[in-house]
Amino acid sequence: ILIGACNLPSQTNTTKHWVGTWATAPQLVEPHNMPPAPGLTNNSLRQVVRVSIGGEAIRLKLSNEFSTSPVTIHSIQIAASTGGHTIDASTNRELTFDGESQITMEPGGAVVSDPVAFYLKPRMNVAITIYYGETSETVTGHPGSRTTSYIIPGNDTQVTDFSGAITAERWYNINRIDVLSPTSAASVAILGNSITDGRGSNTDKQDRWPDILSEILLKNSETEQIGVLNMGIGGNAVLAGGLGPTGLSRYERDILNQPGVKWAIIYHGVNDIGGVRTEQAAIDKANALIEAYKKMISEARERNITIFGATILPFKGNSYYNEHSEKCRETVNDWIRHSGWYDAVIDFDKVMQSPEDPARLVSTFQNDGLH
């Protein structure tokens, strides 16, 4: 994909704009992924994320979209992570909302913090510490964080030592970090499922394929100001079923409405295809996916977003595979490659298929025939 500060700028400064540097797709947290004891209410949670591009002023978005009750936060602090539960205390800053430390998120809502001066380095690990009041029994979050979070009892904002914390590989309520960037900076947002979300990657290593993409972009002077937003949800489907809101229903929220988005990648559909079991279902599902892609492409173009299509990986050897699902995958991939609807195509299928059997992933890149 190619294109081609210390003090907060005033509102009239038009040389900078907000660009997403990190984001995750919110969903209703399933029962088995809920926060472990002691839970969130009146307790403290530290969550670590790795951003893509850097800058000198940031803001944080939080989501309560899938919760049925309000969530009160007494304070949120952000700092440079020094590994695990520890932070560089000299960098710790409290975030505010309309000038206030405390914020209550209504059910179904989201909030964005006031801008704060913060020296954010590219690919920096950031610790977000939330001191909760009352929370909802139903929780908005992102279960597939592949990153350790830390919970301690109590919500004293002076307590920044999280030694002995209860851990969970989940994110709760955090949704996006934006950085104030030059107008030349922009982001690429990726709509996907567990392959994009990071299934098979290593906990706390930040080595999902969108992370690798970010590292590659940062090494090139022409692309070093491109933020990468991973909007994958494990088990997610484009059309119906699966985990979380469907790709089609969350597309505007997760892709089109991201600040500073200039490019989008649609790498989504294998969980829809994996349910195909008959010849007619293969035809119907392929047609439905293609219509969904057309809709998303058209909506991106209306906003001057360049859109890339990514082919669906092979999955022979996985339970998704049968002759009909394979035919559906081939039909969809043929359309992605040759229809001309996308501005460009990323052919993951060709790169990742086994030379001996193109219906299988090359063995060095798989752990279950799918991821």
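Residue numbers start from 1 along each chain as its sequence is written, and side-chain values use heavy atoms, with hydrogens and water left out. In this predicted model, local features need pLDDT of at least 70 and side-chain atom pairs count only at pLDDT 80 or more, while totals for chains, interfaces and linings use all residues.

**Helix H5**

Select residues 279-302, which make up helix H5. Helices (H or I, at least four residues) and strands (E, at least two) are DSSP runs, numbered from the N terminus. The expected span of a helix is 1.5 Å times one less than its number of residues.

Now colour the buried residues of H5: Ala282, Ala286, Leu289, Ile290, Ala292, Tyr293, Met296, Ile297 and Ala300. Buried means under 20% relative accessible area, exposed over 50%, and partly exposed in between (1.4 Å probe, protein chains only). Just after H5, Asn304 has a positive phi of about 60°.

**The nonpolar cores**

A nonpolar core is a set of buried Ala, Val, Leu, Ile, Met, Phe, Trp, Tyr and Cys residues joined through side-chain atoms within 4.5 Å. Which residues have the most contacts inside the largest core? Select Tyr251, Tyr293, Ile307, Val332 and Tyr342; the core they belong to has 53 residues. H5 supplies the largest share of this core, nine residues.

Centre the view on Tyr251. Contact means heavy atoms within 4.5 Å. Apart from neighbours within four places in sequence, Tyr251 is in contact with Leu191, Leu256, Ile266, Met296, Glu299, Ala300 and Ile307.

A second, separate core has 38 residues, including Val51, Met124, Val126 and Ile177.

**Aromatic rings**

Show the side chains of Phe, Tyr and Trp. Their rings (for Trp, the six-membered ring) pair if the centres lie within 6.5 Å; planes under 30 degrees apart count as stacked, over 60 as edge-to-face and the rest as tilted. The structure holds nine aromatic pairs. In one of them, the ring centres of Tyr267 and Phe348 are 4.6 Å apart and the planes are at 45°, so the pair is tilted. This pair links distant parts of the chain: Tyr267 lies in strand E19 (residues 261-267) and Phe348 in helix H7 (residues 348-352), 81 residues apart. Tyr267 and Phe348 are both buried.

Move to Phe315 and Tyr321, an edge-to-face pair with 6.4 Å centre to centre and 70° between the planes. Phe315 counts as buried because its relative accessibility is 0%, whereas Tyr321, at 29%, counts as partly exposed. Then select Tyr293, Trp335, Trp341 and Tyr342, which form one aromatic cluster.

For a charge over a ring, pick Arg46 and Phe162. The criterion is NZ of Lys or CZ of Arg within 6 Å of the ring centre and within 35 degrees of the ring normal. The charged end of Arg46 sits over the ring of Phe162, 4.1 Å from its centre.

Select residues 71-83, strand E5, where 10 of 13 residues are buried. Two strands pair if DSSP finds at least two bridges between them.

- Strand E11 (residues 125-132) pairs with E5 over seven bridges; Ile76 stands opposite Ile130.
- Strand E8 (residues 103-105) is joined to E5 by three bridges, with Val71 opposite Met105.
- Strand E7 (residues 93-95) is joined to E5 by three bridges, and Gln77 has Glu94 as its bridge partner.
- Strand E6 (residues 86-87) is joined to E5 by two bridges, with Gly83 opposite Thr86.

The hairpin of E5 and E6 has two residues between the strands, and Gly84 there takes a positive phi near 60°.

**A three-stranded sheet**

Next, show the open antiparallel sheet ordered E2-E12-E15. Strand E2 (27-28) and strand E15 (171-172) are the edges, each pairing on one side only. Strand E12 (residues 140-142) and E15 are joined by two bridges, and His142 has Trp171 as its bridge partner.

**Ser194**

Finish at Ser194, in helix H1 (residues 194-197). Is Ser194 buried or exposed? Its relative accessibility is 9%, so Ser194 counts as buried. Leaving out neighbours within four places in sequence, Ser194 is in contact with Arg199, Ile233, Gly234, Gly235 and His371.
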